[in-house]
Amino acid sequence: MTNHPLFSLENIYHAYRQCSRRKRNTYNALIFEQNLEENILELHETLNNRSYTPKPSIAFLVEKPKRREIFAADFRDRVVHHLLVNYMEPQWERRFIHDSYACRQGKGTHKAVERLRTFTRKVTANETRQAWYLQLDVQGFFITLNRQTLFKRLAKHETDATILWLIQVILFNELTKNCRLRDACRSDFESLPAHKTLFKTAPNCGLPIGNLTSQFFANIYLDTLDQFVKHQLKARYYLRYCDDFILLSEDKSQLETWEYQISTFLNDHLQLQLNERRKLRPISDGIDFLGYIVRPNYLLVRRRVIGNLWERLIRAEQALGIKSYENGRVVYPYPWTLLTQIYQWLNAYLNHFGKASSYQLIQSLRQRFNWLDEYFYFCQKMPVRKRKTGKNILKKKVIVKPRIFKIVFRCPIPRYVNFYHQTQWFMAHLHGHFVIIQVGNFWEMRYSPACSYRFHNRNLEEIKTLLWDCCLPVAWIYETGRQISGILERALTYRWST
């Protein structure tokens, strides 16, 4: 057995660290990590002696933004995917055009949207002339992609026989024969249209959505189209994100001609077809692209993204179980597992909103879901503006609104090494409240550093009734059961507001 440099233990371990960066607490990652040394050695041996075979993938369905199937590879196989992409990416990055933005370092959705805004300003001469955009995408791209054509393209640029063997193993692995179905049955997958499921695909066609190698191979496959558009059609304003691409021009007839030429090229050279739902409209109408409505001078968030957030906030509101009473009292529970989930996905939405003109949108959400201000503090920052000079100083002053870019917990779980500092922290964050802290079988009630009262657990209901009848603001701090740095962890459990 001859050891290939790519399959060294150092490279495999580096690929494992990359793969586990955001998946470390998942079930498959934990199983792999239980016997980490043995699993890395096993991969090292099977790759070097060419006995490696992928394990069964997990197939499941997602409903949003639209119903589609996902094939999740086993964690061991995802390590191999990272290993292969790390090797191939540098040499292919030199071949890709600048304006391809999917699954590339330093690119992404936000970069693509900013580039498109730059294109719209240039082609319209800062909105002083009319221009048009043509938005196209490939119908069922990942399902109809021809793997034989892809492998021939890869074989032209890769001379290492061992690398070609590994590409062939991953590329021609028939996932549908031995996959495991999760939360679905075979009929659910077969009910999908033929261009949306691997269970109905033609022989040697289709890549699984969800694998790192699929995204990378998709860029290689469509790079042929990129080169054709840039070097044969000479399209100056063109960008692509996965199978969704946009061309801009001052001449509408030029875009219609390009559409026919692109359709013919895809059909003849890549065995792909364009989706019938193409868009050829003036740029002044706004371009619906990657979750935004793109205009030359500003961005708006897409309606569907706002609708998805609205639905999630309604479900979160119901799950929190906030209760209001006739006497004006409101009880805010603090289920930290649920709040942490809300914190994570809400920050993701705010990061998306922060790139657009969304100040009024976020304020309307805070007004409708006023419980957000109970749990979170919305951080703001002023957008950077260039300093005006000369004649620009005399122009009308524009009111610049701050941008909300993230949220933080108003009263997170503190990390302190002694009970005194822990108590002082809660009192500082819950100013004006009677703070009642659990200490084993006792409870300590504090309103100020000099005012404290301790009572036994058997008197808890009596104290609760008394405080409730007095309509006082009370914060209840419970022990979580965890012990950190020699002290029991305590967290705000619920709060009575007046």
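Residues are numbered from 1 along each chain as its sequence is written. In this predicted model, local features need pLDDT of at least 70 and side-chain atom pairs count only at pLDDT 80 or more, while totals for chains, interfaces and linings use all residues; side-chain values use heavy atoms, without hydrogens or water.

**View 1. An open sheet of seven strands.** The strand order is β11-β12-β19-β18-β15-β16-β17, with mixed pairing. Here strands are DSSP runs (E, at least two residues) and helices are runs of H or I (at least four), numbered from the N terminus; two strands pair if DSSP finds at least two bridges between them. β11 (323-324) and β17 (451-456) each have a single partner strand, so one side of each lacks a neighbour in the sheet.

**View 2. Strands β15 and β16, with helix α17.** β15 (residues 434-439) and β16 (residues 442-448) run antiparallel and are joined by five bridges. Look for I437, whose bridge partner in β16 is E444. Helix α17 (residues 460-469) lies across several strands, including β15 and β16, and runs at about 145° to β18 (474-484). Axes are lines fitted to C-alpha atoms, for helices over the stretch in contact (heavy atoms within 4.5 Å), and angles run from 0 to 180 degrees between N-to-C directions.

**View 3. C242 in its loop.** C242 sits between β5 (237-241) and β6 (244-249), and its phi is positive, near 60°, though it is not a glycine. At 19% relative accessibility, C242 counts as buried (under 20% relative accessible area; exposed is over 50%, partly exposed in between; 1.4 Å probe, protein chains only).

**View 4. L290 in its loop.** L290, also not a glycine, has a positive phi of about 55°. This residue lies between β8 (287-289) and β9 (292-294) and, at 22% relative accessibility, counts as partly exposed.
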